[in-house]
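Welcome, and please open your viewer. We will go from one selection to the next and say what is there.

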Amino acid sequence: MDPSIIDAILHHHQMAYLLLNAQWSILATAGTQYIEHCGLNLTPGSILLDALPELRDCITQLEAVHNGVSPEFTLEHLSRTSPQGNIVYFRIQIQAYHRRDDPAPQFLALITDTTEQSQQSKRVAQYQETVQQLHNTIEQRTTALLLANSQLRRMDEIKTDFITIAAHELRNPLTPILGYVELLLSDEYGPLNAEQRHAIQATLQNVLRLRSITADLLDLARIETGRIELVLRPTDLRTLVELQCLKYKAQLASRNQQLTFIAHALPLTLCDEHRAAQIIGHLLSNASKYTPDGGAITIRIEPGDAGFAQVVVEDTGMGITKDDQQHLFNAFFRAHTVTTPRTGGTGLGLHIARLLIELHGGQIWFHSTPGAGSTFYVSFIVSDELNHQSHDLSMVTITQ
Amino acid sequence: MSISKKICLLGDSAVGKTSLLHRFIYQRFDDQQQHTFGIHVMRKPMSISLAGGTVEVVLLLWDAATEPQVCQSNASYLRGAAGMMLVCDVTRPATLLNISKHMTTLQTAYPGCKYIVAANKSDGEQQILTRGDVQSALRHHEVPFYMTSAKTGYEVEKLFQQVGRLLVS
């Protein structure tokens, strides 16, 4: 190879070649000017082990190369301080060199400036250390979060247990209270005058309200802990909704609210009759609560998205503010518009309705305009049963 | 806020679908489990441990007297399912064949679903199918499976943990 090319390579890679004899004395050099900044005295005639005393600790390895046991020996991370005060790193590789014209053993030593490489390795090591520190921090935080999460879960379980016990304890005395109130109202203990009857009627209403609250609390605890089981069967949604309308008829009539039921022809839907009735009851009860006396409520059953039928409850009440809309299905949430005793409640109705409709495989959603009423939708999966209902579209006014 | 996922159980009659659910949810086993009528839906909140932390998921478990071929005849049962658990009985090889036979149809009809197989009743001398038999029968479907026993609880928790992981991953 042209010596100028070799020189260029040596210059580019900041390296030097040394030719050594068996006593590690330097016979010839090339490119030493490119590693002079390493502070090494590598003149012909000098001894390599004097210039690099670190090699004296590696005599065994050098002898292995000398004896032909190892093909080469490399010593990394050697360093010197340059006259400018910078630390310079370099590497030396030694291997046997056989000359055709001289049988005496000779060796080639290649010295390479690895300062940049070493600095990069150092930087990589620093980055790795930083990454490791970050990893440790994340792990510590994850552990702390897991612990906090576990504590929260435990507290949630305690809360649910408390609700269950409290609701049971509140409900148990209600049965005899209700029994005696009904006996009083049926004049079993003698005739009541108008004032007494009014007082007992008020007691009855509040006992029923308390029973409804405890039922909601127990339902919530059952659903949250997975102690609820629905049995879905092909169900005639029309009959189910009609029964709920009749159930709430008296409540709506007492406030002169008009209830209209519009039924489209529908196939059977997959419902747990008791729980589906509870969902629709919640919606009707809510619609009545938030609709003023003399207002109108419409309930419709109609086809929904593909494979679904839906129940729609539309009121002409106060509507729901934008702020309240996003929290409406949260447990214990009560809209800010609830200011009168008439609209009292636990804030569980819609939350339970959402959980129950989710178990049905359906959805619940709503549209509302503050001041102009709300429309709630619940969807149920249409059954594959072949005995489709064949009712035509009908409209019935339940109360007026 | 947890996420809710619907999982449908499928498999021949009396393979132990309801028993698996009762073992998982109520930690109990009824030797005289009655035949299931209607569709039973249960709810189970779970914490799923993933590499990045814990995810809260609610499994909505649908159980019916339905067989694997229901995908054509009972679409309402499977509508909206995020996962399907196919159950066979290791004392009745035909129940595994049925799963294997209908798996491709299910995977084609519901490509977005996650699938898992429970080889149930892996607890007694009457066991005929081995882990190798189940693996061999399912080799073309790339579906995870567990040898389970609703009676002893063997691998039941792991099975549902895996269901949760499949659904949130």
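**Where the chains meet**

Begin by showing chain B and chain A together: between them there are eleven residue pairs in polar contact, both residues at pLDDT 80 or more (a pair of N or O atoms within 3.5 Å; within protein, one must be able to donate a hydrogen and the other to accept it, and residues adjacent in sequence count only if both atoms are side-chain atoms). This is a predicted model, where local features need pLDDT of at least 70 and side-chain atom pairs count only at pLDDT 80 or more, while totals for chains, interfaces and linings use all residues. Residues are numbered from 1 along each chain as its sequence is written, chains are lettered from A and ligands numbered from 1 in the order in which they are written, and side-chain values use heavy atoms, with hydrogens and water left out.

Next, select Glu56(B) and Arg153(A), which form a salt bridge with their closest N and O atoms 3.0 Å apart (a side-chain nitrogen of Lys or Arg within 4 Å of a carboxyl oxygen of Asp or Glu).

Now colour S2(B), which gives seven residues, the largest share of the side of chain B that touches chain A. Strands are DSSP runs of E with at least two residues, helices runs of H or I with at least four, numbered from the N terminus.

**Along a helix**

Move to H7(A), residues 237-253. At its start, a side-chain oxygen of Asp236(A) reaches to within 3.1 Å of the backbone nitrogen of Arg238(A). Buried residues here (under 20% relative accessible area, 1.4 Å probe, protein chains only) include Leu240(A), Cys245(A) and Tyr248(A).

Terms used:
Expected span 1.5 Å × (residues − 1). Buried < 20%, exposed > 50% of the residue type's maximum accessible area, 1.4 Å probe, protein only.
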